[in-house]
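Trainee: I have a structure open and want to learn how to read its features. Can we go through it together?

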Amino acid sequence: MYGLIILLAILALVIAVVSTNIRIVPQTEAWVIERLGSYQTTWQAGLHIKIPFIDRIVIRANLKEKVFDFPPQPVITKDNVTIMIDTVVYSQVTDAKLYAYGTDNPTRAIENLTATTLRNIIGDMELDSTLTSRDEINKKMCLILDEATDPWGIKVIRVEVKSIDPPKEIKDAMERQMKAERDRRAKIIEAEGNKESAIKIAEGNKTARILNAQADREAIVLAAEKERLIKEAEGKAQALLRTQEAEGKALEILTNANPSDKIIKLKGYEALVQVADGNATKLIIPSELSNITSL
């Protein structure tokens, strides 16, 4: 009876020990295992069994990407201006073994490394280039930190400079400089606008003068042509009037002379000759002139 109780107790103890040493590693973690004080293996995601009293879990490394937002660091530029720079470092554990044995405090190590790297980079740059070269600073920081953290099993994915704060007197001087630059640009733009406006007005006046001159010239030409036509018409009218007056006097003289029939027929013949000189294709001779040849 006692033997059965002891057997059941031993069996229950074994089950309890085994159940307490069954471990399930989550997908986002990697566990480093030591056996008798030495590195044994790294457990990845899944079910694992730890040998009781022999195996020990050294660290449970989180494989997610981490964000280190460190306090602003005072940095001196090449032209001896002290500025405060706030940076953010994005990193991820890539090797749990190196992460466990590489450094005692990875977060503190990355913070100190970031500060010293930032001082080295900014120390070779002047204030103006520092304020306008954030991308260049980010790339240099990421490259240097990634190379330095490789032995710790950490990969630095990117580094971002959040803010660069120069001293207050430098800020005031920069604001005055920017205001003066904006005023200068505004004056230049206004002067260019006035210049273009003056040019447009001058071109418009020139075009108007040219068009007015052309209109005056055309008006003079038209007036001269009109005057010529009037004079030509008047000349033709006077010539026609004189011709009619001469013909009228001739008829008057002829009437006063009491011409004979032969003279009248002769005049008719002359009129017939004048008619024949035209473009008519047919000529009708009056019957009273048909015997004119008998004179």
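Trainee: Which side chains meet in a salt bridge with Asp146, and what counts as one?
Mentor: A salt bridge is a side-chain nitrogen of Lys or Arg within 4 Å of a carboxyl oxygen of Asp or Glu. Here the side chains of Asp146 and Lys155 form one, at 3.5 Å from N to O. This is a predicted model: local features need pLDDT of at least 70, side-chain atom pairs count only at pLDDT 80 or more, and totals for chains, interfaces and linings use all residues. Side-chain values use heavy atoms, with hydrogens and water left out, and residues are numbered from 1 along each chain as its sequence is written.

Trainee: Is Asp146 buried or exposed?
Mentor: Buried means under 20% relative accessible area, exposed means over 50%, and partly exposed lies in between (1.4 Å probe, protein chains only). Asp146 has 17% relative accessibility, so Asp146 counts as buried. Lys155 has 40%, so Lys155 is partly exposed. Across the protein chain, buried residues make up 22% of the 295 residues.

Trainee: How many salt bridges are there by this rule?
Mentor: The count comes to 15. Take Glu232. Its salt bridge with Arg228 has the closest N and O atoms 3.2 Å apart. Glu232 also meets Lys236 in a salt bridge, at 3.6 Å from N to O. Salt bridges that share partners join Glu225, Arg228, Glu232 and Lys236 into one network.

Trainee: Where do Glu232 and Lys236 lie?
Mentor: Both are in helix α6, 4 residues apart, about one turn of the helix. Helices (H or I, at least four residues) and strands (E, at least two) are DSSP runs, numbered from the N terminus. Glu232 and Arg228 are also separated by about one helical turn, because they are 4 residues apart in α6 (residues 168–256). Lys236 is exposed at 55% relative accessibility, while Glu232 is partly exposed at 35%.

Trainee: What span should the 17 residues of helix α3 have?
Mentor: The expected span is 1.5 Å times one less than the number of residues. For α3 (residues 106–122) that gives 24 Å, and the end C-alpha atoms are 24 Å apart, which agrees. Buried residues in α3 include Pro106, Leu113 and Ile122.

Trainee: Now sheets. In what order do the 3 strands of the open sheet stand?
Mentor: Strands of a sheet pair through backbone hydrogen bonds, either parallel or antiparallel. Two strands pair if DSSP finds at least two bridges between them. This sheet has the order β3-β2-β5, with antiparallel pairing. β3 and β5 are the edge strands, each pairing on one side only.

Trainee: How many bridges join β2 to β5?
Mentor: There are 7 between β2 and β5 (residues 55–62). Ala30 stands opposite Ala61 in β5, and Arg35 stands opposite Asp55. On the other pairing, β2 and β3 (residues 38–43) have 5 bridges. There, Val32 stands opposite Thr42. Strand β2 (residues 29–35) is mostly covered, with 5 of its 7 residues buried.

Trainee: Which side chain of opposite charge is nearest to Lys50?
Mentor: For charge, Lys and Arg count as positive and Asp and Glu as negative; His and the chain ends are not counted. The nearest one to Lys50 is Asp55, 6.8 Å away. Lys50 is buried yet has no salt bridge. Lys50 lies in the loop between β4 (46–49) and β5. Contact means heavy atoms within 4.5 Å. Leaving aside neighbours within four places in sequence, Lys50 is in contact with residues including Asn21, Trp43 and Ile57.
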